[in-house]
Amino acid sequence: MNNYGIDIWGDDNFIIDGALVKVNHGCKPALLSIVKGIREQGKRGPLLLRFPHLIKKQIERIFQNFQRAKEELNYQGDFQAVFPLKVNQFPNFIDALTEAGSEYNYGLEAGSKAELLIAMSHIKGNAPITVNGFKDKEMVELGFMSALMGQDITLTIEGINELETIIEVANEQPNSTPYIGLRIKLHSLGVGVWAKSGGINSKFGLTSTELIKAIELLKKSNLIEKFTMIHFHIGSQITDIGYLKKAIREAGNIYADLIKLGAINLNTINLGGGLAVEYAQNSENTKVKYSLTEYANDIIFMLDSISKSKKVKAPNILIESGRYVAASHAVLIAPVFELVSEGYLESDLSLKDKNPPLIEELHELYKFIDSKNALEYLHDALDHLNSLLTLFDLGYIDLIDRSNSEVLGHLIIKKSIVLLQSQNYKELLHIQNMIQEKYLVNFSMFQSMPDFWGLNQHFPIMPLSKLDIKPSRSATLWDITCDSDGEIAYDTNNPLFLHSIDLKNEEYFLAFFLVGAYQEVLGMNHNLFSHPTEVTITIDKERYFMENIIESPSIVDILDNLNYDTPQIEKMLQDKIVSSTMIAENLKDKTVTALKIFLGENGYLKTVK
Ligand SMILES: *Cc1c(COP(=O)(O)O)cnc(C)c1O
């Protein structure tokens, strides 16, 4: 059996029970039952399921781990955390997050005016708000407004100019100055695809010379008491904690020295985000080399020892991890629409009375291949197949011969896979690569997994059913966009096997896990496929509930968003129907109605026959 690496990426959030994958919570509903329940309400196309209990689980984990680490070392600083809104700003996610986080005073981080307005409106109690990213005067003024509302807000400046803007606004409206943070430029490099986030050439932050200048400016303008935080962020998905430790050492020393330079209220180090998520589906591809326990222990231990040796107060710690909190809560589920290369059956052969000699030989190989000669016969067959294709190009054999060659070639490969099953695994993977099945899946990669397209980020994939049957088809997935990049190709280093299915008589759904971080808002409407229908699933001991259903935007809405005049479009279509001489008069009304129904539905395919 194949467990699709659920023990590696699954974090006990999902379990395989018999043929089905189930949510490991409360009454443990099968994902398939949830999907069927939603489709009974007439929803078609891909579905995005949100599980609020998984958001809560991650938040609790973070706070509990730091609490434990603090107690173990009797650490004197506080621990705080905020959620960076850029990771997922969708309201049904944010509402669940702020609710789950309220008992921990979990805050929000904003990087733009729009995000800051979400933070200001959604923050609960006196949970912290941090503001990063470039700011103009208007955005600084928004920060002052938040402070006037009594919110615990820190504006982190990215450059001296921003500090000058804050000083200007503070002069205009004294008494409502928010806390001020300084983003520091570390000489320690960032890591991975996001290396640009850290390092001396990074886009953000102040050099040590600028830091000293900033302290002078703050003192001169009587704002030094508002300066409470230094901040760095070395990149997302930090898989090796060594980089973070280097950054903490550097930041810890900067913290202590800034206090000595007169930053009397500096009390917090904001370590940014970066806690990594394991996306691997097989043990050879795992990436994350540390646990949350280790992460918390290392941070507390290092800041404790630096502050002790430099004789300053232990800093409060604030983290901004987003991916770690959001990734697991969302699962994309999409139906398979078609198998593209099913076929090449014995019945497809149309052998002639007299065939070219190489085809006769292929036929013999097919008849006599057995477990002893399988590898040798297979190699011969592949050679023959290549030669036959060349003969076709040169005009020596015809299309019927070519078809027979391809069918025989595939039949031999399929047979040898069965014969070689128990033998050389590597060779088998290679062969399977040659006869993959293409599963056409009713979703858009560009909309729902843009990081696969843009960054080659793997997401765990598994079917919702048949998990008690060994999957035998090496699978390539195609999405329904007209773009050849919309493909998850079969990869021998990370093979995906799926089941043989008969789509005329059964449905087959694929689930894509860990898509809750970054994917939704980065997703693009390529080919005008829009955000899938989303449903929040809450689960208790007896049953589960489908809440906050937001249907995928209709075609009219999508066109409206592109600034088409949609009433005009409807009218144009209607006029064309009315004036057409090809449509019978008594059918015109019906045709207009049918078009209107199309415009009101989403653009995904309908897979139910
Ligand atoms: C993107 C970002 C984060 C979140 O990073 P994750 O890898 O999702 O944890 C935190 N802080 C800042 C400043 C960021 O830009």
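Modeller: Residues are numbered from 1 along each chain as its sequence is written, and side-chain values use heavy atoms, with hydrogens and water left out. Because the model is predicted, local features need pLDDT of at least 70 and side-chain atom pairs count only at pLDDT 80 or more, while totals for chains, interfaces and linings use all residues.

Biologist: What should helix H6 span?

Modeller: The expected span of a helix is 1.5 Å times one less than its number of residues. Helices (H or I, at least four residues) and strands (E, at least two) are DSSP runs, numbered from the N terminus. For the 12 residues of H6 (residues 137-148) this gives 16 Å, and the end C-alpha atoms are 16 Å apart, which agrees.

Biologist: Which residues of H6 are buried?

Modeller: Buried means under 20% relative accessible area, exposed over 50%, and partly exposed in between (1.4 Å probe, protein chains only). In H6, the buried residues include Met 139, Leu 142 and Phe 144.

Biologist: How is the packing of two helices described?

Modeller: Two packed helices are described by the angle between their axes and the distance between the axes. Axes are lines fitted to C-alpha atoms, for helices over the stretch in contact (heavy atoms within 4.5 Å), and angles run from 0 to 180 degrees between N-to-C directions. The axes of H6 and H7 come within 10 Å and cross at roughly 55°. That makes H6 oblique to H7, given that angles under 35 degrees count as roughly parallel, over 145 as roughly antiparallel, 65 to 115 as roughly perpendicular and the rest as oblique.

Biologist: Which residues of H6 meet H7?

Modeller: Lys 137, Val 140, Glu 141 and Phe 144 in H6 do so, and their partners in H7 include Ile 166 and Val 169.

Biologist: Where is Lys 311 found?

Modeller: Lys 311 is in the loop between helix H10 (292-309) and strand S11 (316-319), and at 74% relative accessibility counts as exposed.
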